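Subject: A structure for you to look at

Hi there,

Here is the structure I promised to pass on to you. Have a look at it first, and then read on for what turned up.

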Amino acid sequence: MPESELSPPFAFFFGMAGIAFAMIFGSLGAAFGTAKAGIGIAGIGTYRPDLIMKSLIPIVMSGIIAVYALVISVLISGSMDIDNYSLFKGFMHLAAGLSVGLTGAAAGYAIGIVGDMGVRSYMQQSRIFVGMVLILIFGEVLGLYGLIVGLILNTHGAG
C-alpha cells in the first residue's frame with residue numbers, strides 16, 4: 001500500500017472508531033431501553049398478565065436502535081478500501097458512527113423512561129396506550145435521524 005500524505009495508515013483507526021462508537025453507544029441505548037421498560041413490564045405482569053404482550057412495544061423499539069447501529073457499522077466497514085482510504089474518509093466514518101451511536105443512546109434512554117412509566121400507566125388506564133405509543137415513536141425517531149445523518153456522511157465519505 002503506497003503511503004501518501006492524504007492516505008496515512010492511521011486513517012483506518014478513525015473509521016474503526018466510528019464502527020466501535022456506533023455499536024457501543026447504540027447497544028448501550030438499546031440495552032438501557034430494554035432493561036428500563038422490562039422493569040415496568042415485570043411490574044405489571046404480576047397484577048395484569050393479560051397486558052404483557054401489548055406492553056412489549058418499548059422492548060421491540062429499543063431493539064431497533066441496535067439495528068440502526070449495526071446497519072451503519074456494516075456500511076462503514078464495507079466502504080473501507082485498503083488501497084485508497086484517506087484521512088477525510090476516516091473522519092467522515094467517525095462522524096457517521098458517532099451520529100448513529102449517540103442518537104441511539106439518547107433514543108434508548110427516552111424509550112426506556114417512557115416505556116417504563118407508559119406500561120405502568122397503561123395498567124391503570126387503558127386509554128393511555130395510544131399516547132404512550134406516540135411518545136415512543138417520537139423517541140425512536142431520534143435514532144432514525146441519527147441513522148439518516150450517518151448514511152449521508154457515509155455516502156460523502158465514500159466519494
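This is a predicted model: local features need pLDDT of at least 70, side-chain atom pairs count only at pLDDT 80 or more; totals for chains, interfaces and linings use all residues.

UniProt, in an unreviewed entry, places the feature "domain: V-ATPase proteolipid subunit C-like" at residues 18-76 and 94-153. For residues 18-76, the end C-alpha atoms are 8 Å apart, and the chain there is 81% helix and 0% strand.

Now for the whole chain. There are four helices and zero strands, which gives the pattern α-α-α-α along the sequence. The radius of gyration is 19 Å, well over the 15 Å from the globule rule for 159 residues, so the chain is more spread out than a compact globule. You can also see this in numbers along the principal axes: the C-alpha atoms fill a box of roughly 65 × 20 × 15 Å.

Which part of the chain touches which? Of the contacts with a separation of 6 or more, 85% are between residues 24 or more positions apart. Buried residues make up 42% of the 159 residues. As for the accessible surface, the total is about 8200 Å², and carbon and sulfur atoms account for 76% of that. The chain carries 6 positive and 7 negative side chains, with 27 Å between the centres of the two sets.

Residues 12-35 are 100% helix and 0% strand, with end C-alpha atoms 34 Å apart. Residues 127-153 are 96% helix and 0% strand, and their end C-alpha atoms are 41 Å apart.

Start with Ser62, which sits in helix α2 (residues 57-78). Is Ser62 buried or exposed? Its relative accessible area is 0%, so Ser62 is buried. Beyond its neighbours within four places in sequence, Ser62 is in contact with Ala30, Gly33, Thr34 and Ile111.

Then go to Ser99 in helix α3 (residues 87-124). Ser99 has 15% relative accessibility and therefore counts as buried, as the cut-off for buried is under 20%. Not counting residues up to four places away in sequence, Ser99 touches Gly146, Val149, Gly150 and Leu153.

Helix α4 (residues 128-158) holds Ile152, and Ile135 lies in helix α4 too. Ile152 has a relative accessible area of 45%, so Ile152 is partly exposed. Ile135, at 46% relative accessibility, also counts as partly exposed. Ile152 and Met92 are 60 residues apart in sequence, yet their C-alpha atoms are 9.6 Å apart. For Ile135 and Gly115, 20 residues apart along the chain, the C-alpha atoms are separated by 9.1 Å.

Best wishes

Methods: Residues are numbered from 1 along each chain as its sequence is written. Side-chain values use heavy atoms; hydrogens and water are left out. Helices (H or I, at least four residues) and strands (E, at least two) are DSSP runs, numbered from the N terminus. The radius of gyration is taken over C-alpha atoms; the globule rule is 2.2 Å times the number of residues to the power 0.38. Buried means under 20% relative accessible area, exposed over 50%, partly exposed in between (1.4 Å probe, protein chains only). Contact means heavy atoms within 4.5 Å. Accessible areas come from the Shrake-Rupley method with a 1.4 Å probe; for residues, only the protein chains shown count as cover. Lys and Arg count as positive and Asp and Glu as negative; His and the chain ends are not counted. The place of a charge is taken as NZ of Lys, CZ of Arg, CG of Asp or CD of Glu. UniProt positions are given in the numbering used here, feature names are shortened, and annotations may be inferred rather than shown by experiment.
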